[in-house]
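Student: I would like to see how the labels on a model follow from its values. Can we take them one by one?

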Amino acid sequence: MTTESRTLIAPVPGNLKNRTILMSGGSRGIGLAIALAAARQGANVVLLSKTDTPHPTLEGTIHTAVAQIEEAGGQGLAVVGDVRVDADVQRAVEEAVAKFGGIDIVVNNASAINLAKTDQVDMKRYDLMQDINVRGTFLLSKTALPYLHASEHAHILTLSPPLNLDPKWAGQHLAYTMAKYGMSLTTLGLAEELKEDSIGVNSLWPETLIDTAAIRNLPGGQKMVQGARDASVVADAAMAILASPPAGVSGNFFTDGQVLTLAGETDLEKYTLNPQIPLVQDIFL
């Protein structure tokens, strides 16, 4: 994080009224929490997601997410497609521009995860993580760039971790670490490439385990989330970053708690599900 960023982070809750956000994923979990937080500020939110029909065990589709966005006070647009497919990403960008007149913000939220050791990861799963996490982040950012250049308040925010080269993370889950760090390298490179163009490029990562339906659905997940924070902690941090001046806040690998502290939030305990239980630190930190 740069020294300059300390003074330029917008106070919570920020203001994204009439800004247009293009997000990959977002049907549920942290992505949906960010989308709803933006909608409550009057933003337009375009979701590119494959979740056209209900999942057998997880609630939420792209259509229910858009309905929630509109109920929260924003305008929504569902683009059913795959962030791995060039034509789908191009269509999402074109539909966002056609409906809302431009794109101000890209949120790279879509991500695949597999924490298995190297000899247990099949290459199909490896390719999936590389294609969604790395290629998808690069492709969505690249395709939206002409419209970000035209915006007076352009941001790219990627949900990826700090580039922590402690060998333990590569050693614990090499395939996943490579995929997530590929997302973070996109932040690093684009921030440098676009530093004269007033486009803010940052990454955001939770300090703790976050309570999501996907976590609760894991074996032992109901117990795990007792040491988690609510997804709104990431959403509020995202709002502070995205409301900040792009030229002054770029090239950072933020954590949610760090951003909220800089934004003037003094009560982080309000995000904790069970204050009596120690928080579970997230990976990569």
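Predicted model: local features only at pLDDT ≥ 70, side-chain atom pairs only at ≥ 80, totals over all residues.

Student: Why are β1 and β2 called paired?

Tutor: Pairing needs at least two bridges. β1 and β2, residues 44-49, have 5 bridges, so they pair. The two strands run parallel. L22 stands opposite V46 in β2.

Student: What joins β1 to β4?

Tutor: There are 3 bridges between β1 and β4, residues 105-108, so this pair also meets the requirement of at least two. These strands run parallel too. Here I21 stands opposite I105.

Student: Which elements make the β-α-β unit, and what is its hand?

Tutor: β1, helix α2 (residues 29-40) and β2 make the unit, and it is right-handed. With the strands pointing away from you, the path from β1 over α2 to β2 therefore runs clockwise.

Student: How many residues line the largest pocket, and of which classes?

Tutor: The lining has 48 residues. By class, 25 are nonpolar, 16 polar and 7 charged. The pocket's volume is about 1,700 Å³. N109, S111, A112, I113 and A214 lie nearest its centre. Elements that each supply at least two lining residues include α2 and β2.

Key. Residues numbered from 1 in each chain as written. Heavy atoms only, no water. Helix = DSSP H or I, 4+ residues; strand = E, 2+ residues; numbered from the N terminus. 1 Å grid on protein atoms, 1.4 Å probe; cavity = no way out; pocket = protein on both sides within 12 Å on 5 of 7 lines; lining within 4 Å. Points joined across faces, edges and corners; volume = space filled by probe spheres on them. Nonpolar A, V, L, I, M, F, W, Y, C, P; charged D, E, K, R; others polar.
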